[in-house]
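Notebook open, model loaded. I want to go through a sheet and then a helix pair.

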Amino acid sequence: MSTAARHHGAPGLLARILRSQGGLAALFLAPALLGLLVFRLAPIAVAGIGALYRENLEGDQAFVGLANFASLFADDSFWHALRTTLLFNIIINPLQIAIAFGMALLVLKPGRGITFFRAAFFLPMTLSIGLTAVLWSMLLDQTIGPVNALLEQLGFARQGFFRDENQALGTAIAVASWKGCGYWMVFLLAGLFGIDEQLYEAARIDGATAGQRFRYVTLPLMRRPLTFVLIADTAVNFLFFAPVYIITAGGPNGATSLMMFKAYEAAFTFMNWGRSLAYSTVILAIVILVAIVQLRLLRHGENEA
Amino acid sequence: MTTRRDTLAMLAAGAASLGLGRAASAQAKGELNVIWQAWPDAHVTPIFDGFKKKNPGVTLRDERLPFNELFQATEVRLQSRGPTPDIYIADGPLTASYAVRKHLQELDSIIGDLDRYTKAARDQGSFRGKLYTLPLFSSSQLLYINKKLFAEAGITPPPATVDGRWTWEQVVEAAKKLTDRSSNRWGLVIEQAERPYQLLPLAQSKGAAVIGPDGLTASGFVDSAPFIDAFRWYGELYTKHQVSPPNVFEINLAQELFATGRAAMYLGTNSNMSIFGSREGLDWTVAAHPYFSGGKPVTPTGSWHVGMNPRTKQKEAAEAFMRYLAEPATIEMQARARANPPVIRSVWDSMSDVLGTPGWKIIRHELDNTAVPRPATPGWREYEDILRIAIREITGGSDPAARLQKAAKDIDREMAKYRG
């Protein structure tokens with residue numbers, strides 16, 4: 001190929017790239033890779049390096065090694081935030097995926113008004129997270145919220161929801177799922193559409209029940225979309241922030257003290273950039289670790305199947 | 001040969017041309033980025049218009065931010081350590097915090113004659129003996145009374161004088177009779193229901209010191225017995241007695257509750273006199289800030305100041321703006337537009353036509369006798385934010401002792417960076 005290019009005297013580099021194996025692909029990928037570099041990798045590097053520095057009150061920076069992490073790990077509120085964040089994720093991720101999968105199965109088969117339901121399930125996703133937070137904090141408000149008015153009408157006591165220490169984290173999970181499930185449903189629905197109908201046919205002929213068809217046909221073939229949704233959803237939920245910032249500020253009594261909020265608070269309320277970046281770095285490390293474990297588990301399952 | 005007279009003439013001409021030069025440079029040019037609070041238009045625009053009229057060469061780009069977003073938005077902008085905002089409005093007690101972090105231009109040399117200011121206002125804007133923020137106006141608190149609701153309940157309201165000031169115990173007794181939750185009518189609405197500005201005087205009325213003498217210690221103060229007592233009482237307004245509306249932390253919402261007849265008593269700043277005064281059909285009067293029986297009357301004070309970014313690229317225009325804000329005429333215009341206690345002494349005299357009402361008489365008394373400014377600490381921001389969330393949660397039912405102990409610990413942790 002390169003000999004031919006030289007023979008024809010074609011203009012150098014670009015032509016060679018275009019003709020080389022993978023060169024064209026690299027060219028088309030370049031804008032996306034550049035975006036990844038500028039908007040993802042560079043900030044990660046900035047955070048990782050910045051976590052090793054401490055800024056004094058006048059804005060001068062000094063290298064402090066791992067001191068930011070040391071003081072973070074010595075702080076009770078960090079461990080509390082870590083526990084809260086892990087609890088939040090252990091509940092919300094399986095819950096959201098189960099609901100999203102259930103909704104995808106419900107709207108899979110064509111039928112009357114199916115487009116309406118597909119759109120309705122997806123609709124909450126189109127609201128911004130800030131708007132969602134304000135909307136639900138008003139709906140669930142103890143004094144002026146219509147949900148509590150309804151509860152009272154039905155003879156129940158008014159509930160604190162976001163203002164109740166025991167309900168706040170659960171309420172946040174519910175609101176996040178209200179918004180998020182429809183989004184993940186779309187990916188799973190696309191996966192379900194991709195399963196060859198003939199496989200179900202064959203299973204049916206072999207006498208498989210609906211449950212068996214789901215267990216032995218649907219689930220194994222949904223492994224890839226499920227892997228993607230699980231990892232992406234986990235990453236999103238570890239970065240859960242806006243409703244905590246807008247509604248609870250980490251309260252009541254630390255009940256919604258998630259790590260992303262602590263990172264924000266360290267930077268913008270307490271002016272401690274080193275601590276904030278250390279928080280961000282720890283969150284990143286956890287997300288990467290969890291993603292690796294998830295990938296391993298699902299790949300292991302794939303080989304088995 | 002040049003005579004002595006010629007020399008004098010030349011000097012005079014030189015001085016005149018210098019003077020002209022000064023006059024020309026007084027006509028500052030440029031574009032100023034200004035962060036201000038989103039008060040009603042009539043409280044802000046005339047001040048800006050007055051400056052534009054005097055300085056047609058300067059373009060003002062003002063961002064007016066709501067109170068609840070102001071602090072953090074300003075913080076984000078300042079932390080980038082860029083040249084904008086050139087000018088920003090600052091809560092008086094944050095002066096030390098901004099100054100210690102080099103976000104403020106020292107103003108002594110720009111303003112001159114600082115004796116024009118009242119002592120409390122000048123102190124609040126000073127850090128290590130130098131003025132860093134210009135006081136714009138001060139503040140005080142009044143108990144606003146809905147006369148119609150009191151009459152309907154057959155209760156005699158407290159008098160519109162300092163003598164006969166109610167105790168908090170009297171307020172709660174009356175509030176219970178005045179509350180009707182089914183029609184969303186509340187006995188007592190607190191304007192800044194989670195803000196230490198408004199609520200520290202509760203603890204101070206019980207004799208609590210709200211911060212250590214070093215200005216950097218909260219443990220032993222924020223969790224002292226009188227402090228906890230005061231906030232247990234405060235939380236019970238929402239949880240036990242249910243005479244105050246929970247979760248109303250927006251000032252505008254709180255004001256609306258009183259302005260629309262849904263609050264019988266309203267503890268709020270002096271500026272409400274002009275706001276409620278313009279509401280038709282609202283029959284209201286004022287009373288003095290309550291205190292705890294057995295304690296002493298303590299009232300909040302201090303208010304908004306204005307700072308200049310030392311990194312500004314528009315030094316000339318920014319200095320012109322600051323000098324404009326230090327003029328008695330500007331302070332008077334501000335005080336007439338927004339009914340707040342003036343910070344320049346001569347304005348108290350030039351505005352005696354307005355400042356003679358019962359409400360203003362109470363305020364003058366409070367400012368001279370009961371007003372206690374917020375503690376001067378470089379860590380006010382952290383102190384305020386941590387305590388604010390604790391107070392919010394106490395109104396939601398958190399145990400005051402445990403919650404304030406946690407707050408004290410959190411504040412001490414954040415104060416560490418100022419101990420050096």
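I looked up L143(B) and found its bridge partner in strand 10 of chain B to be A287(B). Strand 7 (residues 141–146) of chain B and strand 10 of chain B run antiparallel and are joined by 4 bridges. For pairing I need at least two DSSP bridges between two strands; strands (E, at least two residues) and helices (H or I, at least four) are DSSP runs numbered from the N terminus.

This is a predicted model, so I keep in mind that local features need pLDDT of at least 70 and side-chain atom pairs pLDDT 80 or more, while totals for chains, interfaces and linings use all residues. Residues count from 1 along each chain as its sequence is written, with chains lettered from A and ligands numbered from 1 in written order.

Next, the whole sheet: it is open, has 4 strands in the order 8-9-7-10 (chain B), and its pairing is mixed. Strand 8 (186–190) and strand 10 (284–287) of chain B are the edges, each pairing on one side only.

Then I turned to chain A. The axes of helix 5 (residues 76–106) and helix 12 (residues 223–238) of chain A come within 10 Å and cross at roughly 140 degrees. Axes are lines fitted to C-alpha atoms, for helices over the stretch in contact, with angles from 0 to 180 degrees between N-to-C directions.
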